[in-house]
Amino acid sequence: MADFKIAPSILSADFARLGEEVENVLAAGADIVHFDVMDNHYVPNLTIGPMVCKALRDYGVTAPIDAHLMVKPVDRMIGEFIKAGASYITFHPEASEHIDRSLQMIRDGGCQSGLVFNPATPLHYLDHVMDKVDMILLMSVNPGFGGQKFIPSTLDKLRLVRERIDASGRDIRLEVDGGVGIGNIAEIAAAGADTFVAGSAIFNTDDYAATIAQMRAELAK
Ligand code: DX5
Ligand code: ZN
């Protein structure tokens with residue numbers, strides 16, 4: 001069985017109690033903290049930046065932090081998130097002028113690198129950088145907001161990326177983000193994903209541990 005990871009998106013957490021929320025969701029069995037960075041320019045929303053990432057580290061969070069940069073330009077924020085203690089840093093190829101350089105900056109900073117594909121972004125951006133990515137993130141909603149509906153065509157795209165990863169023989173995580181929940185996680189895993197971002201499906205429930213356990217039960221089927 002694949003090494004499945006659950007990555008709650010803190011976009012749907014209570015920002016007024018963020019440290020506690022992150023602590024609780026990790027204690028409930030989450031593997032990775034998915035950290036959505038939005039700039040009101042590349043996407044129509046504004047969220048949190050490197051200071052908040054650093055604050056979580058200072059608070060004592062040791063779990064991997066997966067910084068999903070929905071910002072344009074990206075390079076300056078890459079540098080800031082490296083300093084702020086991010087573990088993974090992913091960005092959208094169309095938001096970078098020099099994709100290879102941005103990926104290299106992430107690795108040079110000691111972090112794991114990744115490219116993010118919006119539902120309609122073509123996969124050709126991967127053609128010459130398979131040796132430079134540690135993670136490929138497929139958006140299953142248009143980025144900007146939590147609580148949207150999973151776009152079904154993502155399943156075919158996941159299958160294509162899974163084939164490319166397997167053919168490359170490289171250790172690259174395949175993450176999916178948007179509209180993931182107990183009801184569809186098994187189908188998404190069957191299409192090839194191994195890392196599951198879920199925001200509203202976890203934080204909008206009362207018992208994070210029960211929700212994560214149900215997700216894992218679906219993955220074990
Ligand atoms: C959307 C963000 C997602 C979002 C997912 O732009 O990248 O990480 O928080 O939220 P849900 O799981 O509620 O669709
Ligand atoms: Zn995200």
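Mentor: Residues are numbered from 1 along each chain as its sequence is written, while chains are lettered from A and ligands numbered from 1 in the order in which they are written. Because the model is predicted, local features need pLDDT of at least 70 and side-chain atom pairs count only at pLDDT 80 or more, whereas totals for chains, interfaces and linings use all residues.

Trainee: What makes Asp36 buried or exposed?

Mentor: A residue is buried if 20 or more other C-beta atoms, placed from the backbone, lie within 10 Å of its own, exposed if 12 or fewer, and partly exposed in between. Asp36 has 24 other C-beta atoms within 10 Å, and is therefore buried.

Trainee: How do you know whether Arg76 and Asp177 are buried or exposed?

Mentor: Arg76, in helix H3 (residues 75–83), has 10 other C-beta atoms within 10 Å, so it is exposed. Asp177, in strand E7 (residues 173–177), has 26 C-beta neighbours inside 10 Å and therefore counts as buried. Helices (H or I, at least four residues) and strands (E, at least two) are DSSP runs, numbered from the N terminus.

Trainee: Which residues are in contact with Asp36, leaving aside its neighbours within four places in sequence?

Mentor: Contact requires that the two C-beta atoms, placed from the backbone, lie within 7 Å; with those neighbours set aside, Asp36 is in contact with Ser9, Leu11, Thr47, His68 and Met70.

Trainee: Where does UniProt place the feature "binding site"?

Mentor: The unreviewed UniProt entry places it at His34, Asp36, His68 and Asp177. These residues are spread over 144 residues of sequence, yet they cluster in space, the largest C-alpha distance being 10.5 Å. UniProt positions are given in the numbering used here, feature names are shortened, and annotations may be inferred rather than shown by experiment.

Trainee: Why do strand E1 (5–8) and E2 stand at the edges?

Mentor: Two strands pair if DSSP finds at least two bridges between them, and the open sheet of eight strands has the order E1-E8-E7-E6-E5-E4-E3-E2, with parallel pairing. E1 and E2 each have a single partner strand, so one side of each is left without a neighbour in the sheet.

Trainee: How many bridges join strand E6 (residues 135–139) and E7?

Mentor: E6 and E7 pair in the parallel sense over five bridges, and one of the bridge partners in E7 is Leu174, facing Ile136.
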